[in-house]
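Please look through the structure shown here before reading on. The paragraphs after it walk through its parts.

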Amino acid sequence: MAALAAEAVEKAITGRRAVRAFLPDPVEPALVRRLIELAAQAPSGTNMQPWRLRVLGPRSRAKLEKALAAALDDPSPREEEYRYYPATFREPYLSRRRKVGWDLYGLLGVAKGDHAGMRRQTAANLRFFGAPVALMLTVDRDLEIGSWLDLGAFVQTMLVAAQGHGLDSCPQAIFASFHGVVRRELAIPENEVVVCGIALGKADPDAPANRLVPEREPVEGFTSWLD
């Protein structure tokens, strides 16, 4: 029994990847609630449980996506809610970032300099890639980095739980770049930071983007074995 349980857990972990095109098949609300319950079992320092989650219904989602589409066409510069990436990339991170980007856009047929193609993909991202379930996560602005680590644990638990229940997912940091629109449309108060969204559903098996399997570093590349 223990071996079977371990196999199921490992399958959910290794089977999970960022899906960028979903089938329209609906997901039962009871299953969404169960996934949230499972994600809430994630560890947090002194049991603070700092995550805040919003599940978007059809009306709120349509309203948000319409506003985001308009914002995408606005040439005004956007300020990120927080800095996800370093101001300057260095190795080995630069090469990893470039490779996964080249691999994805290669599958999509988007060549370097194809701004229209890149914009189409960004627009799809802002529509939760057509997933039937759209989630938005925030964290209280006055909390420290430890609570962000806890939120990450919550997100990962959600993604693995979804995979275990036969659903695919995509964590989406893009919404932090449009935090003003997200905040306005979802009535998120200023004391919360818009961290990311999550798209949930069943992957479209025919979508080229879903053939992307990012490479992972071998254990020896990032592990030091101390005596």
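A place to begin is arginine 52, which counts as partly exposed because its relative accessibility is 36%. The model is a predicted one. Arginine 52 makes a salt bridge with aspartate 140, and the closest N and O atoms of the two are 2.6 Å apart. Because arginine 52 sits in strand β1 (residues 51–55) and aspartate 140 in strand β2, this pair ties together parts that are 88 residues apart in sequence. Aspartate 140 has a relative accessibility of 17%, so this residue counts as buried. Side chains of opposite charge can pair when their charged atoms come close.

That pair is part of a wider fold. The chain has seven helices and four strands. Their order along the sequence is α-α-β-α-α-α-β-α-β-α-β. The radius of gyration of the chain is 18 Å, close to the 17 Å from the globule rule for 227 residues, so the chain is as compact as a globular protein of that length. Along the principal axes, the C-alpha atoms fill a box of roughly 55 × 40 × 40 Å. Of the 227 residues, 37% count as buried.

The helix α1 (residues 2–15) can be checked against a simple expectation. At 1.5 Å a residue, its 14 residues should span 20 Å, and the C-alpha atoms at its ends are 20 Å apart, which agrees. This helix is hardly covered, since one of its 14 residues is buried.

Strand β4 presents another picture. How many of the ten residues of β4 are buried? Ten of the ten are, so β4 is largely enclosed by the rest of the structure. Strand β2 (residues 133–140) runs antiparallel to β4 and is joined to it by eight bridges. Within this pairing, methionine 136 has glycine 197 of β4 as its bridge partner. Strand β3 (residues 168–172) also pairs with β4 in the antiparallel sense, over five bridges. Here serine 169 stands opposite leucine 200 in β4.

Strand β3 also holds glutamine 172. Glutamine 172 has a relative accessible area of 2%, so this residue is buried.

In one of them, the side chains of arginine 61 and glutamate 65 meet at 2.7 Å, N to O. Both residues lie in helix α3 (residues 58–72), four residues apart, about one turn of the helix. An α-helix has 3.6 residues a turn, so residues three or four places apart point the same way. Arginine 61 and glutamate 65 are both buried.

Arginine 183 and glutamate 190 form another salt bridge, with 3.6 Å from N to O. Are these two partners buried or exposed? Arginine 183 is buried, because its relative accessible area is 7%. Glutamate 190, in contrast, has a relative accessibility of 57% and so counts as exposed. Most residues other than glycine have a negative phi, and most peptide bonds are trans. A cis peptide bond joins glutamate 91 and proline 92, with omega about 5 degrees. Proline 92 lies in the loop between α3 and α4 (93–108).

Glutamine 49, a residue other than glycine, has a phi near 50 degrees. Glutamine 49 is found in the loop between α2 (29–39) and β1. With 38% relative accessibility, glutamine 49 counts as partly exposed. Alanine 187 is not a glycine either, and its phi is positive at about 55 degrees. Alanine 187 belongs to the loop between α7 (179–186) and β4. At 62% relative accessibility, alanine 187 counts as exposed.

The walk ends in the segment after β4 (192–201), where tryptophan 225 lies. Tryptophan 225 counts as exposed because its relative accessibility is 72%. Together with Val219 and Phe222, Trp225 makes a nonpolar surface patch of about 420 Å².

Note on methods: Residues numbered from 1 in each chain as written. Predicted model: local features only at pLDDT ≥ 70, side-chain atom pairs only at ≥ 80, totals over all residues. Heavy atoms only, no water. Helix = DSSP H or I, 4+ residues; strand = E, 2+ residues; numbered from the N terminus. Expected span 1.5 Å × (residues − 1). Buried < 20%, exposed > 50% of the residue type's maximum accessible area, 1.4 Å probe, protein only. Patch = residues over 30% accessible without salt bridge, like charges linked within 9 Å, V, L, I, M, F, W, Y side chains within 5 Å. Areas by Shrake-Rupley, 256 points an atom, 1.4 Å probe, with all protein chains shown as cover. Salt bridge = Lys/Arg side-chain N within 4 Å of Asp/Glu carboxyl O. Pairing = 2+ DSSP bridges. Rg over C-alpha atoms; globule rule 2.2 N^0.38 Å.
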